[in-house]
Amino acid sequence: MATVLKEPSRTFNEYLIIPGYSGADAIPENVSLKTPVVRFQKGEEPEISMNIPLTSAVMQAVSDNNMAVALAKEGGISFIFGSQSIESQAAMVKKAKSHKAGFVPSDSNLRPDQTLQDVIDLKAEKGHSTVSITEDGTSDGKLVGIVTSRDYRVSRMDVDTPISEFMTPFDKLIYGKDGITLSEANDIIWDNKVNQLPVIDDNQRLKAFVFRKDYDSHKENPNELLDAGKRYVVGAGINTRDFKERVPALVDAGVDIMTIDSSEGYSEWQAITLKWIRDTYGNKVKVGAGNVVDADGFNFLAECGADFIKVGIGGGSICITREQKGIGRGQASSIIEVAQARDEYFKKTGTYIPICSDGGIVYDYHITLALAMGADFVMLGRYFARFDESPSAKLMVNGNYVKEYWGEGSARARNWQRYDLGGDGKMKFEEGVDSYVPYAGTLHDNVLRSLNKVKSTMCNCGVLTIPDLHKNAKLTLVSAVSIVEGGAHDVIPKEISTTGNK
């Protein structure tokens with residue numbers, strides 16, 4: 001007969017963390033959220049670590065080049081979605097890798113023969129007060145001048161006035177040459193008391209702008225995750241069908257790490273994919289695998305050479321795999337068992353393989369629970385889909401701003417490769433839904449708030465690092481009654497301000 005596990009399938013909501021002794025040094029400012037991303041040997045340092053334990057999911061509605069840059073600024077990694085053409089995904093990776101911190105490509109560009117009205121219209125569309133004037137009106141054309149709000153007065157000028165008559169011409173501009181460092185660019189800005197510095201190449205073609213206002217924001221990102229060349233660390237998703245073509249293209253584009261994007265990773269398809277990558281690139285190319293929910297799945301992928309292993313099946317907010325197929329496991333139970341297998345594998349082999357909790361996180365404290373249960377980092381979809389930096393559309397629905405969010409197994413995404421079991425290449429049925437999530441603003445503000453909660457809870461446990469949280473956290477199951485007790489109860493709440501934090 002079938003093997004039936006005695007322990008129920010548990011979710012994060014069924015657990016709480018019991019506080020430990022907090023010393024005087026247990027303050028949020030002393031907490032380090034640095035965590036390994038790829039396998040490493042005992043006594044060695046991993047080749048890739050993150051400064052925060054957050055990655056964004058391999059999803060069309062979540063992870064593109066903009067999300068990759070935004071999350072790397074905070075210290076995490078975005079895995080750019082793979083359910084697109086190889087060329088398109090590689091271009092996103094290349095764009096994110098070429099985005100130099102503080103160097104902003106110009107997206108407000110006009111020709112000198114255009115008019116003041118064009119400047120007004122472009123400013124209304126883009127919201128930017130600085131417009132680059134290039135010979136052909138492109139972002140990388142030959143720079144002939146710039147226009148800022150100081151160059152014109154709408155009330156005193158004809159809107160048909162050619163830009164060439166009021167722009168600041170090139171010969172009066174302060175500029176930097178391509179190859180300049182951000183520190184050197186900022187020195188020029190401050191020394192010359194200008195608000196922006198165009199950066200050009202030897203042919204006077206515009207490469208980027210450095211803005212005075214970005215100086216402070218750059219200083220606000222001390223955790224930014226950079227490679228050896230001071231470029232942002234960028235991830236990407238791959239599948240088990242076209243990996244022989246997709247992986248080389250992503251490597252050429254400069255990707256730092258990849259993950260096999262699959263709803264179920266305990267399969268020969270992942271073994272074949274990992275073997276080809278190891279045979280072709282050795283250990284130079286870093287790739288995670290998954291998803292699994294038990295020790296058997298972890299040990300299988302560990303022996304196949306996965307650099308990290310994703311844990312979780314069916315727990316995502318837009319995932320209906322459990323409903324459609326009856327497979328999966330509660331996320332808490334999955335993490336606890338796989339973390340134990342990870343620790344046993346480390347003791348036996350001396351190789352530590354990080355695990356990623358993928359799915360099932362609804363509240364910020366679930367992140368802390370996942371880490372306490374043994375996860376090295378988490379992967380989030382719904383969480384990041386709510387922010388300005390996600391690629392989905394922002395809409396007004398029933399008087400509230402929302403962002404579109406759809407699963408990779410939905411009819412909209414039709415990412416059949418993620419659910420591939422061999423055979424013909426098409427979706428047989430849906431395993432995800434198309435939905436909305438409440439719009440939440442900027443990634444930076446929300447991530448800062450979420451991680452402050454994680455740090456605060458760690459201090460309550462008397463720990464200052466994620467490895468110490470693994471060792472020292474104490475967890476307790478909660479009853480249905482105590483779950484009710486944990487929220488506001490037996491009071492009449494006042495009306496929450498629509499402008500306040502909810």
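Trainee: Does Asn 398 count as buried or exposed, and at what relative accessibility?

Mentor: Keep in mind as we go that this is a predicted model. Asn 398 counts as exposed, because its relative accessibility is 75% and the cut-off for exposed is over 50%. You'll find Asn 398 in the loop between strand E21 (394-397) and strand E22 (400-406). Have a look at its backbone too: phi of Asn 398 is near 55°, a positive value in a residue other than glycine.

Lys 193 makes a handy partner for that. Its phi is also near 55°, again positive in a non-glycine residue. Lys 193 sits in a loop as well, this one between helix H4 (182-192) and strand E12 (196-200). With a relative accessible area of 71%, Lys 193 is exposed.

Ser 267 lies in the loop between strand E15 (257-260) and helix H7 (268-281). Ser 267 counts as buried, because its relative accessibility is 15% and buried means under 20%. While you're in the backbone, check the peptide bond from Gly 290 to Asn 291: it's cis, with omega near 15°. Asn 291 belongs to strand E16 (residues 287-292).

Next, the inside. Buried residues make up 50% of the 502 residues in the chain. In general, nonpolar side chains tend to be buried together in soluble globular proteins. Here the largest nonpolar core has 100 residues, and Val 37, Leu 54, Ile 77, Phe 298 and Phe 384 are the ones touching the most other members. Apart from that core lies another, of twelve residues, among them Val 119, Val 144, Tyr 152 and Phe 166. Click on Ile 77 and leave out residues up to four places away in sequence: its contacts include Val 37, Ile 48, Met 50, Leu 54, Leu 225, Val 233 and Ile 257.

Zooming out, the chain has 15 helices and 24 strands. Its radius of gyration is 25 Å, close to the 23 Å the globule rule gives for 502 residues, so the chain is as compact as a globular protein of that length. The C-alpha trace spans about 85 × 60 × 45 Å along its principal axes. Of the contacts between residues at least 6 apart in sequence, 64% join residues at least 24 apart.

Terms used:
Residues numbered from 1 in each chain as written. Predicted model: local features only at pLDDT ≥ 70, side-chain atom pairs only at ≥ 80, totals over all residues. Heavy atoms only, no water. Core = buried A, V, L, I, M, F, W, Y, C linked by side-chain atoms within 4.5 Å. Buried < 20%, exposed > 50% of the residue type's maximum accessible area, 1.4 Å probe, protein only. Contact = heavy atoms within 4.5 Å. Helix = DSSP H or I, 4+ residues; strand = E, 2+ residues; numbered from the N terminus. Rg over C-alpha atoms; globule rule 2.2 N^0.38 Å.
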